[in-house]
Amino acid sequence: MAQRYERCAAFACAVHKDSYPGKDSMEIAFEDLCSRFDKQLKRIHHIENNPQRGIIILDKSSYETSLQKMAKEFRELGTRWGDLNNLVDVPLFVDSKASRLVQLAAHVAYAVFRRYNAGDTTYLDTILHRFDAEDRVLHGLKFSS
């Protein structure tokens, strides 16, 4: 059963808020995550000649309008790291109470939060191998400071 989900990869970005005065940490993390996800899809296409497209699904929040606008701009203008060519649409927002997948993402976020906020790696250690990586280079987890 574990091999059935071998292609599943996690992505997370922890932002040190004090390092970005006057900027929205949610927007910083979102841009980073969009770029990392797109790069993973590019690698799959390049390595396996398998053109994949992806969609980002998020928990409903007050950021819905601003993140959808950002995603549209990223698709048209790119991010600070380059063009996004593999995201099919703006993010989809769903209520986490109705989606186990979004609940799982919340657990991943909590594990990352505990690591960077409290120095507790207990939860992250159990899922670290699920973050996007290639040739022992971890691409799916970023700490922005």
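**View 1. Arg-114 and Asp-120 join their side chains in a salt bridge in this predicted model.** The N to O distance here is 3.2 Å, and a salt bridge means a side-chain nitrogen of Lys or Arg within 4 Å of a carboxyl oxygen of Asp or Glu. Asp-120 counts as buried, because its relative accessibility is 18%, while Arg-114 is partly exposed at 24%. For these words, buried is under 20% relative accessible area, exposed is over 50%, and partly exposed is in between, with a 1.4 Å probe and protein chains only. The structure holds 10 salt bridges, and the next views visit some of them. As this is a predicted model, local features need pLDDT of at least 70 and side-chain atom pairs count only at pLDDT 80 or more, whereas totals for chains, interfaces and linings use all residues. Residues are numbered from 1 along each chain as its sequence is written, and side-chain values use heavy atoms, with hydrogens and water left out.

View 2. Helices (H or I, at least four residues) and strands (E, at least two) are DSSP runs, numbered from the N terminus.

**View 3. Asp-89 and Arg-75 form a salt bridge that links distant parts of the chain.** The closest N and O atoms of this pair lie 3.8 Å apart. Asp-89 is in the loop between helix 2 and strand 3 (92-94), Arg-75 is in helix 2, and 14 residues separate them. Asp-89 counts as partly exposed at 42% relative accessibility, and Arg-75 counts as partly exposed at 37%.

**View 4. Glu-31 is a buried residue of helix 1.** Its relative accessibility is 11%. Leaving aside neighbours within four places in sequence, Glu-31 is in contact (heavy atoms within 4.5 Å) with Phe-74, Thr-79, Arg-80 and Trp-81.

**View 5. The largest pocket has a volume of about 2000 Å³.** On a 1 Å grid over the protein atoms alone, a pocket is an open set of points where a 1.4 Å probe fits, with protein on both sides within 12 Å along at least five of seven lines, and lining residues have an atom within 4 Å of a point. Grid points are joined across faces, edges and corners, and a volume is the space filled by probe spheres set on the points. Of the 49 lining residues, Phe-11, Ala-12, Leu-33, Ala-105 and Val-108 lie nearest the centre of the largest pocket. Helix 3 gives the largest share of this lining, 12 residues. The lining divides into 36 nonpolar, 7 polar and 6 charged residues; Ala, Val, Leu, Ile, Met, Phe, Trp, Tyr, Cys and Pro count as nonpolar, Asp, Glu, Lys and Arg as charged, and the others, Gly among them, as polar.

**View 6. The second largest pocket holds about 430 Å³ of space.** Its lining has 15 residues, with Glu-6, Arg-7, Gln-40, Asp-132 and Ala-133 nearest the centre. Helix 1 gives the most to this lining, 5 residues. The lining residues divide into 6 nonpolar, 2 polar and 7 charged. Asp-132 also belongs to a network of salt bridges with Arg-43 and Glu-134.
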